[in-house]
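Please look over the model shown here before reading on. The briefing after it goes from the overall layout to single residues.

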Amino acid sequence: MIRTKVAYDLQAIKAKHELLAEYKYDIKPIDRGYNNRTLHIDVGSRAITEKPVSGEMKRLFTGGKGFGMRLLWDATRPQTKWNDPENEIVFAFGPICGITQYAGTGKTLVVTISPATDIPIDSNVGGYFGPYFKFAGFDALELQGISDREVIIYFDGDKGVIKIFSAPDEEINSHLLAEQLIEMYAKDEQEKKSFCTVSAGEGSDHAYMGCLNFSFYDRRRQLARLKQAGRGGIGSVFRKKKIKAMVIKYTGTTPNNNNVADIETIKAVGAKYHREMYENDDAQCDMRHTGTPHLMEIMCDYDLLPTKNFQFGGDAEQIGKVDSHIWREMFTQGIPDGCWYGCSMACAKVIDNYMLRTGPYKGHVVSVDGPEYETAGASTNMNIYDPHFMAEMNFYCDTYGVDTISFGTTMAFVMECYEAGILNLEITGGYDLSFGRGEESMEMLHQIARGEGFGNLVGKGIRWLKKYFVEHYGADPQFLEDIGMEGKGLECSQYVSKESLAQQGGYFIANKGPQHDEAWLIFMDMVNKQIPTFEDKANALYYFPLWRTWFGLQGLCKLPWNDVEPTNNAETDEPAKVPEHVENYRQLYNAVTGQNISADDIISQSERVFNFQRIFAIRRGYGTREHDRCPYRGMGPVTETEYLSRAERYDKQLVEILGVNPEGKSTAEKMKLLRDYREGQYQKLLDAVYARRGWSRNAVPTVEHLKSIGMDLPELLEVVKANL
Amino acid sequence: MKVLIRREDRCTGCGACEKVCSLTWFKEENPAKSRIRVSGNESGYSLNACTQCGDCMLICPVEALTRDKSGIVRLNLKACVGCLNCVGFCPSLSMFVAPGEDKPFKCIACGICVKACPTDALSIEEVDEPVERVFYRRHL
């Protein structure tokens, strides 16, 4: 099969462009990882301005997400809503971003006030945009304002020219738009690698779970590949601003665009790491061949793979249909699938030659970027153990600009509501939304893109739907609070956290909402039993979220940290930290910037930004203890079916932990005992974690703590004092 | 295709090959910049140089490594972005990188070292071109 090529009259489309603004800037070399300036664009007024980056900004916020949060704070008021013109989308990169010698060094960190959570969201994304934008001259980009017409923002990083065009005729859906724009601007096939696009899709026009697609040109496939800034509805904000796309051109990539302080160290650390990947990956995670879905059967084995809206942790009878062997077969092998140069982990896998079965592109042969584990898990969560559904959903979510995680988790919630009788055929427009219904789920996704039908409601996410179902269909609010797997308004990513108290905290204390990139402690906690006490768990929930935050400050991907490990890692003092890799990162940072930081300084850099983000939420009326609530589905069995499916485990816990004899007790009585216990444990965990983090019992960073980490800034003290 | 063949049993570890190689390609006598490497001691030496197997071509993200008409795998320095994946993934560790050089280098079977070797441990000989292990095809 040959990939479907949609033909366009690109000249005619381009002829409709009207130049709305143009800005020229001086091209200056990067100085040890920093440009020391950021760019601000108001798409409403079309004003384009440069801002200097102060020494204090670098000292306190480091870069990446730190810069993003600082700029977003300064640009918005506590009352700013996601769809207000003053809300911004900030793209930031970090000092290490763009080095070519180490794996996972091309990330962009994107922040905005989220339509789903009403607090700052941050999402990290691969593709070439981050490095190219940084090489083009800026450490961050702020997009503010709302345009009165559809626009494209074009950055010529070679010449130092920025243009805003009206763009009435281009596609909106990303897989077509990215190809259109690259075809339109690149003078030949050879030049296409120098272009990168950022776009959303028609789903982002209607949903609160819109995502952004960042392209990178795959020369072997001759295809614009797409990576997603998935979480929290950033695509929805992008489309609200009437931005169709950003396009960047940068042709001058070299081994040292960052003008680093010590290239020799970076080369040595990089080459050593690549060898480790060569020697160990096949026997460890096999990321290079199977990508993140290598996790499927592992998660199922440990009862962690969400099934039927997190009721169950997998399905032994069905897992064989979607396990790693299937993905190894379906993904095209033998292509270096890194989403930035130098990524030897190369986990951005692709299903080529996939013929779409539904929707507006039915019959088209496409290449599907993914699925990643989270997308496949989103599908099993709907009890759809079908690799072709996963590919189909993945493709359409991406091109429509819809986050696969939020879509899957929301649909799983909707399906449970359907089976519980809260919804029916009349409400859904005639679609049977029972668990396992793939075709109907796809129709809901297409409806999101069309902005019609019941699907249009699904796109608003679980928090919105809970309220709607109570108000319109008389649903029991408590039941919905128990089964709706969202925290802070963000849908939970795809791990069952019931048997890991630390992971319940990892998910639901997370600053932005339940996303695994802030903490993933299930194996340490539940499987390896390395953190049995509250103190241990609190220490883990201090260190790991800060360690993981650091990747976002630098423009780094977390996967190369622990998805391959040195052969002797298990023999080190703290294998969960992967000490040799921590040392790699410390060396990389120092070699880029010329500084000499310690491993503890890494944590300090993160701690400043982490606390800033928490206070940012508090400033907006959130961020306190009540907002760290965990739905009971994340802690334990909500329904009798759930309890009975793991009755042996739960009964045993009643005996061993609570000293209660389950015999003679009804399931409801046993569930109540377990629930009281687990909810109590979670509250104790909150106390322990807050104390460890230097926060009050209400999750507010204390003045003393802010002083101790050098973040006693007047604007932060004002917020915390009002809440302590 | 003609590749560099190494007869390690004849090697005396004199390093003449390294010297002439680095002098030819980097204008300095520096074993760290030689495309052939001698290691070992009097009980036995090994000689490390590219076998032209082509595995590095598969992992190069910018297609800077290609096989030329005579079958030799060559690095296009202009296209290379110095990611060093090829250095880490060379099965025989024959792709090198050296201080002062941002981009890697490898043996291209030029034969200079053959002439310099006093013990005939090196030769350029015809071998069968390996079957390319390229799994993908272009989707035009």
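**Overview**

The centres of domain 1 of chain A and domain 3 of chain A, taken over C-alpha atoms, lie 32 Å apart. The domain bounds come from an automatic or database domain assignment. This is a predicted model, in which local features need pLDDT of at least 70 and side-chain atom pairs count only at pLDDT 80 or more, while totals for chains, interfaces and linings use all residues. Residues are numbered from 1 along each chain as its sequence is written, and chains are lettered from A and ligands numbered from 1 in the order in which they are written.

**Domains of chain A**

- Chain A is divided into domain 1 (10–249), domain 2 (292–330 + 349–491) and domain 3 (504–564 + 597–723).
- Domain 1 of chain A has 31 residues in contact with 24 residues of domain 3 of chain A; two residues are in contact if their C-beta atoms, placed from the backbone, lie within 7 Å.
- On the side of domain 1 of chain A that touches domain 3 of chain A, at least two residues each come from α2 (55–61), α3 (65–75) and β6 (120–125) of chain A. Helices (H or I, at least four residues) and strands (E, at least two) are DSSP runs, numbered from the N terminus.
- That side of domain 1 of chain A has 14 nonpolar, 12 polar and 5 charged residues. Here Ala, Val, Leu, Ile, Met, Phe, Trp, Tyr, Cys and Pro count as nonpolar, Asp, Glu, Lys and Arg as charged, and the others, Gly among them, as polar.

**Contact between the chains**

- Between the chains, 32 residues of chain A are in contact with 24 residues of chain B.
- Helix α8 (residues 263–280) of chain A gives the most to the side of chain A that touches chain B, with 9 residues.
- The side of chain A that touches chain B has 10 nonpolar, 14 polar and 8 charged residues.

**Nonpolar core**

- The largest nonpolar core has 247 residues, and A:F133, A:I153, A:L212, A:I248, A:L445 and B:C86 touch the most other members. Such a core is a set of buried Ala, Val, Leu, Ile, Met, Phe, Trp, Tyr and Cys residues joined through C-beta atoms within 7 Å.
- A residue is buried if 20 or more other C-beta atoms lie within 10 Å of its own, exposed if 12 or fewer, and partly exposed in between, with C-beta atoms placed from the backbone.
- Leaving aside neighbours within four places in sequence, A:F133 is in contact with A:F91, A:F93, A:F138, A:L141, A:F155 and A:I248.

**Strand β11 of chain A**

- Strand β11 (residues 212–218) of chain A is largely enclosed by the rest of the structure, because 7 of its 7 residues are buried.
- On one side of β11(A) the buried residues are A:L212, A:F214, A:F216 and A:D218, and on the other they are A:N213, A:S215 and A:Y217.
- In a regular strand the side chains alternate between the two faces of the sheet.
- Strand β10 (residues 195–199) of chain A pairs with β11(A) in the antiparallel sense over 2 bridges; two strands pair if DSSP finds at least two bridges between them. A:F214 is the bridge partner of A:V198.
- Strand β12 (residues 223–229) of chain A pairs with β11(A) in the antiparallel sense over 7 bridges, and A:Q228 in β12(A) is the bridge partner of A:N213.
- The hairpin of β11(A) and β12(A) has 4 residues between the strands, and A:Q222 in the turn has a positive phi of about 55°.

**Chain B**

- In helix α1 (residues 16–26) of chain B, the buried residues are B:C17, B:E18, B:C21 and B:S22.
- They are on the same side of α1(B), because they cover an arc of only 115° around the axis; the arc is that of the directions from the helix axis to the C-beta atoms.
- These buried residues of α1(B) pack against β2 (37–41), α4 (112–116) and β6 (122–126) of chain B.
- β2(B) and β3(B) form a hairpin with 2 residues between them, and B:N41 stands opposite B:G44 in β3(B).

**Single residues of chain A**

- A cis peptide bond, with omega about 5°, joins A:G370 and A:P371.
- A:N383 has a positive phi near 60° and is found in the loop between α12 and α13 of chain A. A:N383 counts as buried, with 21 C-beta neighbours inside 10 Å.
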